Amino acid sequence: MIEWTVDLSTGVPLLDVHHRTIFEWLAELERAAVDERTLFAVYALVRLKHYTRDHFAAEEALMKSAGFPGLAEHMAEHAAFRTRLGELQLKSMEQDISTDTVKLLSDWLTHHITKTDMAYVPYLKKSK
Ligand SMILES: [Fe+2]
Ligand SMILES: [Fe+2]
């Protein structure tokens, strides 16, 4: 089951709320894929895409103001994921989203949060 767990906590309350919400939409997308509710899956994917875009923008602004040195690489990871979501949205017009695809998205996000996002935490805390 896809869900946000405490080991994904960055300790930055606003960003944890964002991450939790992203995981909630991923879980909705997974349920829609399992139940083959095509229209709802497309809706959940669009919500996920919009929410992810806003979250990435918020994260990038915080990293920038904290002077985080890995900003460019981090932004490139965000851009790659957004491209992937965009491609998936196009594909979802023609074929149902599979649970395997949802699992790949969830694995990417888990890896991104635990490795890439965690790297900015000390900088954000220092700049407060
Ligand atoms: Fe990130
Ligand atoms: Fe993040």
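**Exercise 1. Describe how helix α1 passes helix α4.**

Solution. α1 passes α4 in a left-handed crossing (the near helix is turned anticlockwise from the far one by less than a right angle; clockwise would be right-handed). Helices here are DSSP runs of H or I with at least four residues, numbered from the N terminus. The model is predicted: local features need pLDDT of at least 70 and side-chain atom pairs count only at pLDDT 80 or more, while totals for chains, interfaces and linings use all residues. Residues are numbered from 1 along each chain as its sequence is written, and chains are lettered from A and ligands numbered from 1 in the order in which they are written.

Step 1. The axes of α1 (residues 13-35) and α4 come within 9 Å and cross at roughly 165 degrees. Axes are lines fitted to C-alpha atoms, for helices over the stretch in contact, with angles from 0 to 180 degrees between N-to-C directions.

Step 2. α1 is therefore roughly antiparallel to α4 (an angle over 145 degrees).

Step 3. On the α1 side the contact is made by H19, I22, L26, L29, E30, A33 and V34, and on the α4 side by T99, V102, L105, S106, L109 and I113 (contact: C-beta atoms, placed from the backbone, within 7 Å).

Step 4. These residues divide into nine nonpolar, three polar and one charged. Nonpolar covers Ala, Val, Leu, Ile, Met, Phe, Trp, Tyr, Cys and Pro; charged covers Asp, Glu, Lys and Arg; the others, Gly among them, are polar.

**Exercise 2. State which residues of α3 meet which residues of α4.**

Solution. Step 1. The axes of α3 (residues 71-92) and α4 (residues 99-116) come within 12 Å and cross at roughly 170 degrees, so the two helices are roughly antiparallel to each other.

Step 2. H74, E77, F81 and L88 in α3 meet T101, W108, H112 and T116 in α4.

Step 3. This contact comprises three nonpolar, four polar and one charged residue.

**Exercise 3. Identify the residues that touch the most other members of the largest nonpolar core.**

Solution. Step 1. The core has 18 residues, of which L26, L29, A41, A44 and L48 touch the most other members. A nonpolar core is a set of buried Ala, Val, Leu, Ile, Met, Phe, Trp, Tyr and Cys residues joined through C-beta atoms within 7 Å; buried denotes 20 or more other C-beta atoms within 10 Å of the residue's own.

Step 2. α1, α2 and α4 each give two or more residues to this core, and the largest share, seven residues, comes from α1.

Step 3. Leaving aside neighbours within four places in sequence, L29 is in contact with A41, A44, L45, L48, I97 and V102.

How values were computed. Angles under 35 degrees count as roughly parallel, over 145 as roughly antiparallel, 65 to 115 as roughly perpendicular and the rest as oblique. Two residues are in contact if their C-beta atoms, placed from the backbone, lie within 7 Å. A residue is buried if 20 or more other C-beta atoms lie within 10 Å of its own, exposed if 12 or fewer, and partly exposed in between; C-beta atoms are placed from the backbone.
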